[in-house]
Amino acid sequence: MRGLRTLRRLPLVTVALVCLIFGFPNLLMGADKAKSPDKSQNAGTAAEQAQFVGSETCKGCHEAQFSNIDGSPHFRLDNSSNKEFHGCESCHGAGSLHVNGGGDKTMIFTFKGVSSEKINERCLECHRNSHERSNFQRSDHARAGVSCIGCHAPHGAARQQALLIQKQPGLCYTCHQDAKADFSKPFHHKVNEALVNCSDCHNAHGTTDEKQLRSTADGQEVCYKCHADKRGPFLYEHYPVKSEGCSTCHTPHGSANPRLLTRSRVNTLCLECHQNFYNGPHPQNTKSQACTLCHVGIHGSNSSSVLFK
Amino acid sequence: MDGIQCKTMRPLTYRAPKRYGMKLTSIYLLGVALCLLPGTLHAQSVPAPAGAGQVYNGYTVQNTLELGGRVTSISGNSNMYDTMENQQSGGRLLDQSFTARSLRHNGAFFDELWFSSFGYGGDPQEGTRLRMYKNKLYDFNAVYRHDQNYFNDNYLGNPYNTPGGFVVWNQAIHQMNTRRNMGDFHLTLMPESPIRIRLGYARNTNRGSSLSSLHEGTELSLAQDVQSRQDQYQVGVDFKVLPRTTLSYDQFFDHNISDTSYVNAPTGLFYLNAGTALAPIYERVDIGATYNTYYGQPCANTPAPIITVVGGVNVVKNLTGGSACSLFFNYHRSAPARTNFPTEKFSLISDYWKKLNVFASGSYTSAVNKTNYLESADDFESRTSTRGIYLTGPGKIRQLSGNADLGVTYHITESWYVSNQFKYTNWRIPGTWDMTSANCGPVGAANALSPIGTLGNPYCALIGSLNTSSAGAGIGSSYTNDLWSLLHTDKRAADTTILGWEPNHVFGAHAGFRYAQRTVAYGDFTTGTTTTLSAAGVPATAASADDSNALYPETDHEKVGLFGVKLHPNQNWMINGDVELSYIDHPVAAILPGHSQLYKLRTNYRLGKHATLSGFINDKYSRNSFYSADFALAQINTNPVLTGTPTYVADPLTPVRHQGHNLNYGFSAALHPTEKITLDFGWTYQNLYSTGGVCIPMTLAVVPQGGQIARCPAAAASGTLYDSEGDPYSSYNGVPAVLHYQQNTNTGYVNLIMQPVKRVSVLLGYDLTSTSGENTWLRADTLAPFMVPVDAAGNVIYAGNTLSGPLAGYAPGPNPDVGLGPLGMNWHLPTVGVELALCKNVSFKGAWRYYDYHEKSNPGTYIAGRDFQANTGTLALRFSF
């Protein structure tokens, strides 16, 4: 019973710890204020601060953009009961100076001519607390200066799903021509055929793995999501499969070689690691040059230490 | 929408009470959507233009539908066409999309519903994607995909048999014809509330027929009935405990089922012949997939011919003892496996402090795989003169893994930031197999027709052979009860720190360092008993041979320098460069890079809507001068690992270590000079190169061109050298050689889309992939090509083989009769398409695609060529409304 009571208190303890960790500095630094009308990037005099004017005012000059937003998931910026949302001004900042200045572009935040970090900061104000974007700031894309609007178009996206400028894989190919070339090779994952999306294996917003690859729930290669029969665990593992990953032997995007292997012949691939055969007779001038003719369980076996089955 | 009737829904004339109007509207639209569900979307179709569609009772509805069919003709190797493309003739629902969006965002069941489909009716890839959401209530995504996976490329794994009317493999020995069906479903409840619930389910089935093989005396071809399924469940909760801070818990449960089974495939069947007459009852036997009597495969063929033709049928002589061919009457194997992967995961995402971004997660998995293995065969193995195999026993394998990630980014100033990513993984795979195996011996003279003796051996009767005797087996009957215990472990910790500087929107740079340490270990332990039976069936039990290997951990350390630059000279132009310099002190395998350098340069320039130009260069160079003591080639162990400290001797391959590079570069351009013309073209070149030393077994009597090569390890030292498992090297003499591999790939494409007149669009396209290269073995001593003597038939000549013809010349060794295959091929794909707008919302589409696969080298003397040509025509009507 004592243990049970302790168990029941655990969530409370966890929440209390979190509050303590984040709340204590807050007490020292003062409460985080609700978002107030911010200064536009080139505000007027210090005495003036921009004020929110409302999306209907924006619509007066920018009707097309207004309609676009209204027809997209971003309509919530105007309709949400969240006091921090101010429609168009949620992204572009308070617009009074811009309106009063007769549409002065310097008096409002535009997404042109600013660094990718500033653009991303705007978008992440709302979109940060998501598992998909939790590592964006440490991602390859962020470091390369790819901003949110490099792939997404809040106004007039060609692809309403996720507001993409272009649907996959064409969008990704605009920068990753090497991947486009790979998917044109004879043996390839069916990306061009729309069976697989780039985002099935990669998270464009970044992950904790290299090349922004996703992983299974237990942290293994994303390949096992579809190729579940290779996942194991096996009694006799083929070590590099588990430790080094599938790309030790396979080229995931595409290859001229069958089975997407990195080498055209199986024995060339195997012998690069298995450079001395312990005791077996494997004369390479006979059937033994076809390694997988015998070593069938190449991804792991539950019954053969030499992966025969 | 008029005239569309859905059986599941009320007819259109029904008028619901107004107060339920929106709900019924939503139901109706959902029903219409479901009626249209078996549609298709080809990857090249154009989505409905923005703003198009009809307004219906508070929803904007857009629909596209493309119905048609394909006609295919193939010449050449149709197996290769089916492996690479597999587009067959037949009707199709090529493309379909449906979108319904609530105008006022107050739909009863959804604010937006979208789904699209493609490929139904016979395309090898088919799928449907769906998304529905209702503001603040839920967000639902679903994907269904079907993939017909056909593989029949005879280049891989082929035994390269000689002809002669016997076993010839012109197809892949591991053919596959399987269907994979994958469904993924994700539901988020209350997506904008402080407590958010996420539910997920995925199902993946893979079923079909394929061929496998088994090395057991000979190489038996097996029919493999593939049956596997994976179900994945996920329940997650997000708590927004503080502003910009989310605490999450996820529970995952994956359940895998594998019921794949094997029986001997009905190929290569022979009649068993005891002389001139066909033997009774057990005349049908399988001698395996390998047939090359020059090299004594499947058997020594002495006194020849053991495999011959009698009475018009293929026969194999039933000989006694080691001269006989190993053969199978039947074979069966089943190994059902059930695996559970429960995973618990906690995550924290926080931007509570404006300048600090934190992500942390920790997960734990305790997986278990339970198998129940059963293998039995009525066979004759010539090497051991045994009859019958029986192997069974339950296995239990666990995978225990813990993962932790911590990522922090701190914006020091407007221009400077520092980030750190720590990643820790630790998994161990302990497994046990309570194995019972039996070798059954023949009664009387050891040959394939000898009955299996069951006396004293409780397992031999379980094989199910029709030819058994209750007498004791003459030789070879034994059974073993062993408990195998194995352990694999891998523990890795990596920390990456990066300092970045972005003073303005034009320039940015970063520099960083990664340090990682990894420890891997493997060990296996065996304990049990082996019972050997005398001819009278009297058992003698002794401890099984101990093949244990102590846990042998190895640790490596990785250090990586990371550098990058980004330039935005103007709004339209982006340039990125990255350099990665890596060093691992103790790579555990020869192919893993000890030193590596990666250079990347990428640029992208957009001229408004009229042009996008791109270019890139990637170059990765790697080499490995180090070896793990376990797999050392430079270091050959002279003491058993288990009982003494390893000491090492030099080997002749010391200067030749694995090195390689992967260089690729290219450019692309997408031009849109006018509204009516789009030109899209690009070219990419890849050079893949690797080289490394090997010590390979080769028949001692082969004298390569240039004279004999000092063997590795030296023959005189055989018996005194031990491998990493403490087993002494047997007396073989390896040939030191250098593997030299180079693959050059050119990939190019051009697509021209024109609209010569208002209603007509024309597509002209061409894709080309071309490879060249070499897969050469070099002598390790002189680095000259490793050339072997061959006779006129291409057989490698070696002393002692009386079947050799006179020397006809030298050919690239070790196997001169294998062509370059995909290392030298052209793959052409011209395409022509036209779209004609017939009337409002209806257009006709036609396309022709040509496929031309051609290998530049001879496929090999005894194997079918893989070239093919194919034409596919596609005709369709496209409706948009």
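In strand β15 of chain B, the bridge partner of B:I307 is B:V316, and in this predicted model both residues are also among those with the most contacts inside the largest nonpolar core.

**Hairpin and nonpolar cores**
- Strands β14 (residues 307-310) and β15 (residues 313-317) of chain B run antiparallel and are joined by four bridges, while in the hairpin that they form, with two residues between the strands, B:G311 takes a positive phi near 60°.
- The largest nonpolar core has 25 residues, and those with the most contacts inside it include B:F270, B:L272, B:V285 and B:L327.
- Another core, of 21 residues, lies apart from the largest one and has A:F187, A:L260, B:M80 and B:L829 among its members.

- B:T747 is found in strand β34 (residues 734-757) of chain B, and its relative accessible area of 7% places B:T747 in the buried class.
- Leaving aside residues up to four places away in sequence, B:T747 touches A:A181, A:S184 and A:K185 as well as B:G682, B:W683, B:T684, B:L768 and B:T769.

**Nonpolar surface patch**
- B:Y410, B:I412, B:W416, B:L499 and B:W501 form a nonpolar patch on the surface, and together they have about 450 Å² of accessible area.

**Salt bridges**
- The count over all chains comes to 43 salt bridges.
- A:K118 forms a salt bridge with B:E414, with the closest N and O atoms 2.7 Å apart; because A:K118 lies in helix α7 (residues 116-127) of chain A and B:E414 in the loop between β19 (386-411) and β20 (416-439) of chain B, the pair joins two chains.
- In that pair A:K118 is partly exposed at 34% relative accessibility, whereas B:E414 is exposed at 62%.
- B:R492 forms a salt bridge with B:E558, with the closest N and O atoms 2.9 Å apart, and since B:R492 lies in strand β23 and B:E558 in strand β26 (residues 554-570) of chain B, the pair ties together parts that are 66 residues apart in sequence.
- B:R492 is partly exposed, with a relative accessible area of 24%, but B:E558 counts as buried at 13%.
- A network of salt bridges links A:E125, A:R128, B:D351 and B:K354.

Methods
Residues are numbered from 1 along each chain as its sequence is written. Chains are lettered from A and ligands numbered from 1 in the order in which they are written. This is a predicted model: local features need pLDDT of at least 70, side-chain atom pairs count only at pLDDT 80 or more; totals for chains, interfaces and linings use all residues. Side-chain values use heavy atoms; hydrogens and water are left out. A nonpolar core is a set of buried Ala, Val, Leu, Ile, Met, Phe, Trp, Tyr and Cys residues joined through side-chain atoms within 4.5 Å. Buried means under 20% relative accessible area, exposed over 50%, partly exposed in between (1.4 Å probe, protein chains only). Contact means heavy atoms within 4.5 Å. Two strands pair if DSSP finds at least two bridges between them. Patches are made of residues with over 30% relative accessible area and no salt bridge: like charges are joined within 9 Å, nonpolar side chains (Val, Leu, Ile, Met, Phe, Trp, Tyr) within 5 Å. Accessible areas come from the Shrake-Rupley method with a 1.4 Å probe; for residues, only the protein chains shown count as cover. A salt bridge is a side-chain nitrogen of Lys or Arg within 4 Å of a carboxyl oxygen of Asp or Glu.
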